[in-house]
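The points are numbered and may be read alongside the sequence and the model.

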Amino acid sequence: MPETEPIAVVLTALPVEYDAVRALLESASLDEVVLDDGTRLERGRLAGTGWTVALAELGEGALTTAALTTRIVSALAPECLLFVGVAGGLKDDLRLGDVVVGTKVYAVHGGKQTPQGFLARPEVWHGSHRLVQAARSALRDLDGVRAHRKPIACGDVVLADERSALRDHIRRTYNDAYAIEMEGSGASHAAHLCGRLDALVIRGISDLADAGKSTADAEGSQELAAGQAAKVAVAVLRKHDPRPRNAPGLQEEPRPGGAATGADTGSGTGTGTGGDTITFQGGTYHGPVVGKITRHS
């Protein structure tokens with residue numbers, strides 16, 4: 001598989017989540033990628049798109065997710081990153097198998113404990129505007145999926161008690177959160193630190209974060225939820241086109257007579273096609289562009 005093909009990284013925590021995404025890739029195109037630290041991914045094409053998908057199963061927890069996501073992004077330089085999996089539902093209108101597309105991800109455990117009570121110190125990462133917009137468009141025509149574009153709460157805990165202090169804390173402090181899971185904050189923070197990387201968390205509802213979690217899991221709710229989340233992830237990638245691969249990074253605009261304007265050789269008016277003019281049309285940039293003008297006598 002050519003190394004120049006645009007890559008979308010899809011991360012999961014559990015085998016059931018991994019298997020749901022893997023089933024939607026071209027099986028004949030799959031190959032295994034092993035990073036220097038031993039992290040393993042499978043890489044394959046998503047039919048009908050320009051994407052090569054690099055799929056990883058990282059295990060549970062935000063800390064592991066953040067560390068391994070950073071390694072994967074550094075090694076593969078993807079254009080976008082999705083975390084796809086299951087979650088517990090926090091709102092009464094959710095059903096098993098619904099999908100929550102994370103417009104925001106909250107880290108719910110930060111704060112300060114005082115004699116007056118717990119003072120929350122929230123952290124939040126917004127889902128990539130480009131990917132959220134792709135999701136909104138894709139979900140309008142996606143049959144068989146009941147989806148919500150809402151915030152997601154993230155903490156290193158499995159919530160299986162609707163009357164717990166944690167559930168009450170989330171209800172009071174992160175009232176618009178629709179689902180709770182364990183890895184989204186780690187993936188979102190790693191994507192943020194890596195620069196302008198489009199990232200989105202997509203979660204299928206496998207339980208209602210209550211005492212019925214074990215029963216729901218035993219009845220196949222995780223398989224249902226993971227399959228629905230994977231279906232949404234693929235629909236998002238079908239809407240979210242890779243960037244043009246032949247777009248120039250920096251293109252100098254010619255001066256009259258054929259001279260380039262990267263280094264000014266005239267009076268430097270900066271207008272028209274003369275002076276200190278450089279065009280960036282068609283380029284993709286991930287930080288400030290710094291230049292130097294050298295004047296010649």
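**Notes on the predicted model**

1. Surroundings of Leu-25. Not counting residues up to four places away in sequence, Leu-25 touches Leu-30, Arg-45, Leu-46 and Val-53, where contact means heavy atoms within 4.5 Å. Leu-25 sits in the loop between helix H1 (15–22) and strand S2 (31–34); helices (H or I, at least four residues) and strands (E, at least two) are DSSP runs, numbered from the N terminus. Leu-25 counts as buried because its relative accessible area is 8%, given that buried means under 20% relative accessible area, exposed over 50%, and partly exposed in between (1.4 Å probe, protein chains only).

2. Basis of the note. This is a predicted model, in which local features need pLDDT of at least 70 and side-chain atom pairs count only at pLDDT 80 or more, while totals for chains, interfaces and linings use all residues. Residues are numbered from 1 along each chain as its sequence is written, and side-chain values use heavy atoms, with hydrogens and water left out.

3. The chain as a whole. The chain contains seven helices and 14 strands. It has 297 residues, of which 47% count as buried. Among contacts in the chain with a separation of 6 or more, 75% are between residues 24 or more positions apart.

4. Is Asp-198 buried or exposed? Asp-198 is buried, because its relative accessibility is 9%. This residue belongs to strand S12. The side chain of Asp-198 makes a polar contact of 2.7 Å with that of Ser-128 and another of 2.9 Å with that of Arg-130. A polar contact is a pair of N or O atoms within 3.5 Å; within protein, one must be able to donate a hydrogen and the other to accept it, and residues adjacent in sequence count only if both atoms are side-chain atoms. Leaving aside neighbours within four places in sequence, the residues in contact with Asp-198 also include Glu-79, Leu-131 and His-240.

5. Side chains of opposite charge can pair when their charged atoms come close. A salt bridge is defined here as a side-chain nitrogen of Lys or Arg within 4 Å of a carboxyl oxygen of Asp or Glu, and 17 are found in the whole structure. In one of them, the closest N and O atoms of Arg-203 and Glu-17 are 3.8 Å apart. Arg-203 is in strand S12 and Glu-17 in helix H1, so this pair ties together parts that are 186 residues apart in sequence. Arg-203 is buried at a relative accessible area of 1%, and Glu-17 is buried at 2%.

6. A salt bridge between two loops. Arg-146 and Asp-98 meet through their side chains in a salt bridge of 2.5 Å, N to O. Arg-146 lies in the loop between helix H3 (129–140) and strand S10 (147–154), and Asp-98 in the loop between strand S5 (80–89) and strand S6 (99–107), so the pair ties together parts that are 48 residues apart in sequence. Arg-146 counts as partly exposed at 30% relative accessibility, whereas Asp-98 is buried at 3%.

7. Arg-172 and Asp-168 both belong to helix H4 (residues 165–173), four residues apart, about one turn of the helix. Their closest N and O atoms are 2.9 Å apart in a salt bridge. Arg-172 is exposed, with a relative accessible area of 57%, and Asp-168 is partly exposed, with 31%. Elsewhere, salt bridges that share partners join Glu-17, Glu-181, Glu-183 and Arg-203 into one network.

8. Cysteines. A disulfide is a covalent bond between the sulfur atoms of two cysteines. How many disulfides are counted? With a disulfide taken as a pair of cysteine sulfur atoms within 2.5 Å, the count is zero. Cys-154 is buried, with a relative accessible area of 3%, while Cys-194 is partly exposed at 36%.
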